[in-house]
Structure formats: structure tokens, C-alpha cells
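Please look through the sequence and the model below before reading on.

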Amino acid sequence: MTIIGGIGWHMVGAASAASFYAPIGKVKRWSWETTWAIAGFFSWILLPISVSFMLLPDFHAFYASMDAHVLLKVALFGAMWGVGNVSYGLTMRHLGISLGVGVAIGVTLMVGTLMPPILHGQAVMLFTTKGGLYTMAGVLVALMGVAIVSYAGHQKEVQLSGELREFNLKLGLLLAVMCGVFSSGMAFAIDAAEPMKAAALQLGVNPLYAALPSYVFIMGGGALVNLSYCFIRLAALKRLSLRADLRLPLPTLLKNASLAAMGGIMWYLQFFFYAWGQANIPVRLSYVNWMLHMSGYVLFAGVVGLAMSEWKGVGKRPVRLLLLGMAVIILAANLVGLGMAS
């Protein structure tokens, strides 16, 4: 296991997270709820169960042997993440994509990184050891990078499409903070699932894959919230109809389903590689995994935006701010790397 390798795998996962919406955005003539439900079926149900079924010697016996309290806690934290995921859209509606993402990611980065060690009584270590101080510096620098990238994105939105019609700073910030706090449930769930990871290791599962069986309950909790939201809206709103979505010509259905499935697979892969990164990070520094993932997410979201020409015609200043923010995030990752090596 190498620290550099761990950071690298976290960046691979973050790149997948930053790119997963690209195929979903190409789905045509389907409601967002239908598209999200199909993508979610692959990312939150099919893949976690299939991967765990292949990894575990006895799929049913493994989960039956787990403490019900652990399974419930893991699933509830997964559901907490699901609430944050659902509220994500409202945040974008009132703050815009770039500003909304920046605030939400900044909050979940900070909460998801710092709360687990605090809850485990390791808070003193963050401020009294050389490695802890480097890590804290990395978190602060990452937040600065997220803020810079978000401001650059907001400038882009203003220049390309004018002011957001439903822009509401107070409501948007409240929703973004709520989204960030609830989205950090994924970090809490991964932390709470350590007994499941330990049990997988005892069965001889490769350390790179040992965290993956816990995703059945983590993502299952998130799926319950997300899919309930989608199907309730499809049933309650007359302008939305799952039946109408499924009546489209077969070629359109196959194309839409393939694109939604591709987005769902890419979403799952972010945490597949998160597990690989986590396996290469020393256990005593496990709290840095979430910071690396979330800061990498913002970094690669900027890269994807540039690659897809989203910044074309914006002007030099917002692009320079974007590049500066990305450089700051890279610096933050290096600071965390120095902390882990100390």
C-alpha cells in the first residue's frame, strides 16, 4: 500500500463522480425522475449487490452474521446521504450550479472530514501532531480552492445566461448547508461500516475490495430515499408520467436507458475507487479519505467543464480563477499527503 497510490485512486474516483452526469444529460424526452431512477437502480442496487455477490463466499451468510445495530446505522446514514442528494436540485435552483455546488461541497467536505475523528475522540490529534496540522491545513486550503472555483463558476453563469431567475441567496445558502450536512452522511456511513469491512477481511476478501460489501446497505439506504422521491413525484404530478416515458419508440428507449445506466455505473465507480484509495491510506488517517474525494470532485468537475467547452466565450478572468482554484485544490492534496507521510 502506498500513500501516493491512495491519493491517485481517490482522484480516479473523483473523476468518475465529476463525469457521471455527462451521459445522463444526453437523455432526451424522459422526465428527470425516470432517468434518475434508472441510473439509481444501477448505481445503488444492481452494482453493489452484484459486486458483493462475487466477492463474498456466502452472500446471505455474511449479512446474516452482521450485528443488526450496525446494519441499521449504516443504512440510516445512507438514507441521510439520500436526503442530501434529493435536496441538491433545490440548492441549484436558488444558487445556480457553480455557487450551489461550491457551498454544498464545501460544507460536506468539512463536516464529513472532521466529524468522524471528533466522534472517535481523535480531535486533539488534529491539532497536536505534525500530521494532523498538515491535514487541517489541507482541509482549509481545499475549502479556499472550492470557494475560488465556485466563484469562477458563478461568474461564468452570469456572463453566459444572465442572473439566475430564481436566485435567492438566503434560501439558497440555507438549502446548500442542509444539502452539505446531509450529503456527508455517506462519510459517516463508510465510517460506521468498519465492522463490515473487518468481517470481509476475515473472510479473505482482498483489502482493495473489503469495503465494497458495506455498499449494499449504504447505497440501499440512499436508494430508498431517492427512488421514493422519484416515484412519488411520477405518481403525484400530472405533467410527469412513467407510462408516457416508456411509450417512446424502442430505439429512443434503448438509447435513454443505456445513457442513464452509463451514468449510474460511473456514479458507482466513484466509490468503487474510493474503496481502493481508502485501502491505501493508513487507518489512523482514515478521516482524510473524504477530504481527498470531495476536493478531487470539484477539481475534476472543472476539468470536465473545460473539456466539454462549457467555458467557451466566458472571457479570460473566470477561466483564470478556475485554474487558480484547481491549483489550490492540488496544493491541498499535497498538504494532506505530507501530513500522512509525517
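## Terms and basis of the model

A residue is called buried if its relative accessible area is under 20%, exposed if the area is over 50%, and partly exposed in between, as found with a 1.4 Å probe on protein chains only. By this rule S16, at 11% relative accessibility, counts as buried.

The model is a predicted one, in which local features need pLDDT of at least 70 and side-chain atom pairs count only at pLDDT 80 or more, while totals for chains, interfaces and linings use all residues. Residues are numbered from 1 along each chain as its sequence is written, and side-chain values use heavy atoms, with hydrogens and water left out.

## S16 and its contacts

S16 has its place in helix α1, which covers residues 3-19; helices here are DSSP runs of H or I with at least four residues, strands are runs of E with at least two, and both are numbered from the N terminus. If residues up to four places away in sequence are not counted, S16 touches M266, L269 and Q270, where contact means heavy atoms within 4.5 Å.

## The packing of α14 and α15

Two packed helices are described by the angle between their axes and the distance between the axes. For helix α14 (residues 250-279) and helix α15 (residues 288-307), the angle is about 135° and the axes are 10 Å apart. This angle makes α14 oblique to α15, since angles under 35 degrees count as roughly parallel, over 145 as roughly antiparallel, 65 to 115 as roughly perpendicular, and the rest as oblique. The axes themselves are lines fitted to C-alpha atoms, for helices over the stretch in contact, and the angles run from 0 to 180 degrees between N-to-C directions.

Which residues meet where α14 packs on α15? On the α14 side they are Q270, F271, Y274, G277 and Q278, and on the α15 side they are N289, W290 and H293. Sorted by class, this contact has three nonpolar, five polar and no charged residues; Ala, Val, Leu, Ile, Met, Phe, Trp, Tyr, Cys and Pro count as nonpolar, Asp, Glu, Lys and Arg as charged, and the others, Gly among them, as polar.

Side chains of opposite charge can pair when their charged atoms come close. How many salt bridges does a search of the whole structure find? The search finds one, a salt bridge being a side-chain nitrogen of Lys or Arg within 4 Å of a carboxyl oxygen of Asp or Glu.

The side chains that meet in this way are those of R233 and E33, at 2.6 Å from N to O. The pair links distant parts of the chain, with R233 in helix α12 (residues 215-236) and E33 in helix α3 (residues 32-55), 200 residues apart. R233 is partly exposed, with a relative accessible area of 22%, whereas E33, at 6%, counts as buried.

Helix α8 covers residues 130-161, and A142 lies in it. A142 is buried, with a relative accessible area of 0%, and, leaving aside its neighbours within four places in sequence, A142 is in contact with L109, M291, S295, I329 and A332. K156 also has its place in α8 and, at 12% relative accessibility, counts as buried; not counting residues up to four places away in sequence, K156 touches E310, W311 and V314. The C-alpha atoms of K156 and E310 are separated by 8.9 Å, although the two residues are 154 residues apart along the chain.

G131, another residue of α8, is buried with a relative accessible area of 11%. Helix α10 (residues 185-192) is mostly covered, for seven of its eight residues are buried, among them M186, F188 and I190.

## Two loop residues

Most residues other than glycine have a negative phi, and most peptide bonds are trans. R29, however, has a positive phi near 70°. R29 is found in the loop between α2 (21-24) and α3 and, at 58% relative accessibility, counts as exposed.

L237 lies in another loop, the one between α12 and α13 (242-245), and counts as partly exposed at 29% relative accessibility.
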